[in-house]
Amino acid sequence: MAETLSSEQYSATLIDHFNHPRNAGRMEDADAEAFVTNPVCGDSMRMFLRFDEDGGRIAAASFLSSGCPASIATSSVATEMVTGRTPEEAEALTRDDFAEAVGGLPKSKVHCSVLAAAAVRNAIASWRASKTSV
Ligand code: FES
């Protein structure tokens, strides 16, 4: 049964990702990374991606965050959602997809999912740029 949340409540899924972030930490063998800052609040996060050998899919993702619970939770779920996807599929994921995956965000926290979405896109762009510059 779907949860019914008040406009300022965190879902149980969001709280779980905040308390137990998936894929948190620096990735030493990353193929690409991106650092993004949320212009609304100044919070930031860094995302790391590793690609499989032919670059066809994202093999692993991790993140470091100095953000709020909503940004940590959406970053955590983003690392799960992009892993195994092609770069194009990962780029197509939106902040709404990440917000929905943590059970929705309170109205005042809707902007927090922008960090994960921007970091995924920027890290993939950085990876593409690194491939064309060699
Ligand atoms: S309040 Fe800054 S990302 Fe949530």
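User: Which residues is Ala119 in contact with, leaving aside its neighbours within four places in sequence?

Analyst: Ala119 is in contact with Ala34, Val36, Met45 and Met47, once neighbours within four places in sequence are left aside. Please note that this is a predicted model.

User: And the largest nonpolar core: how many residues has it, and which have the most contacts inside it?

Analyst: That core has 36 residues. Those with the most contacts inside it are Met47, Leu49, Phe98, Ala119, Val120 and Ala123. Several elements contribute, as β1 (32–37), β2 (44–51), β3 (58–66), α2, α4 (95–101) and α5 each supply at least two of its residues.

User: Which element gives the largest share of this core?

Analyst: The largest share comes from α5, with nine residues. As general background, nonpolar side chains in soluble globular proteins tend to be buried together.

User: Turning to the sheet, in what order do the three strands lie?

Analyst: The three strands form an open sheet in the order β1-β2-β3, with antiparallel pairing. The edge strands are β1 and β3, each of which pairs on one side only. On average, neighbouring strands are turned by 15 degrees against each other, direction ignored.

User: How many bridges join β1 to β2, and how many join β2 to β3?

Analyst: Six bridges join β1 to β2, and eight join β2 to β3. In the second pair, Phe51 stands opposite Ile58 in β3.

User: What about the turns: which residue in the turn between β1 and β2 has a positive phi?

Analyst: The residue is Gly42, whose phi is about 90 degrees. β1 and β2 form a hairpin with six residues between them. β2 and β3 likewise form a hairpin with six residues between them, and Gly55 in that turn has a positive phi of about 75 degrees.

User: Where is Asn23, and what is its phi?

Analyst: Asn23 is placed in the loop between α1 (12–19) and β1. Its phi is near 60 degrees, a positive value in a residue other than glycine. Asn23 counts as partly exposed because it has 19 C-beta neighbours inside 10 Å.

User: Back to β1. Which of its side chains are buried?

Analyst: Ala32, Ala34 and Val36 point to one face of β1 and are buried.

User: At what angle do α2 and α5 pack, and how far apart are their axes?

Analyst: Helix α2 (residues 69–82) and helix α5 (residues 114–132) pack at an angle of about 40 degrees, and their axes are 8 Å apart. The crossing is right-handed.

User: Which residues meet there?

Analyst: From α2 there are Ser71, Thr74, Ser75, Ala78 and Val82, which meet Leu115, Ala116 and Val120 of α5. By class, this contact has five nonpolar, three polar and no charged residues.

User: What separates the C-alpha atoms of Phe51 and Val114?

Analyst: They are separated by 23 Å, and the two residues are 63 residues apart along the chain.

User: Last one: is Asp52 buried or exposed?

Analyst: Asp52 counts as exposed because it has 12 C-beta neighbours inside 10 Å. Asp52 lies in the loop between β2 and β3. Not counting residues up to four places away in sequence, Asp52 touches Arg57 and Ala59. The C-alpha atoms of Asp52 and Met27 are separated by 15 Å, at 25 residues apart along the chain.

Notes
Residues are numbered from 1 along each chain as its sequence is written. This is a predicted model: local features need pLDDT of at least 70, side-chain atom pairs count only at pLDDT 80 or more; totals for chains, interfaces and linings use all residues. Axes are lines fitted to C-alpha atoms, for helices over the stretch in contact, and angles run from 0 to 180 degrees between N-to-C directions. Helices (H or I, at least four residues) and strands (E, at least two) are DSSP runs, numbered from the N terminus. A crossing is left-handed if the near helix is turned anticlockwise from the far one by less than a right angle, and right-handed if clockwise. Two residues are in contact if their C-beta atoms, placed from the backbone, lie within 7 Å. Ala, Val, Leu, Ile, Met, Phe, Trp, Tyr, Cys and Pro count as nonpolar, Asp, Glu, Lys and Arg as charged, and the others, Gly among them, as polar. A nonpolar core is a set of buried Ala, Val, Leu, Ile, Met, Phe, Trp, Tyr and Cys residues joined through C-beta atoms within 7 Å. A residue is buried if 20 or more other C-beta atoms lie within 10 Å of its own, exposed if 12 or fewer, and partly exposed in between; C-beta atoms are placed from the backbone. Two strands pair if DSSP finds at least two bridges between them.
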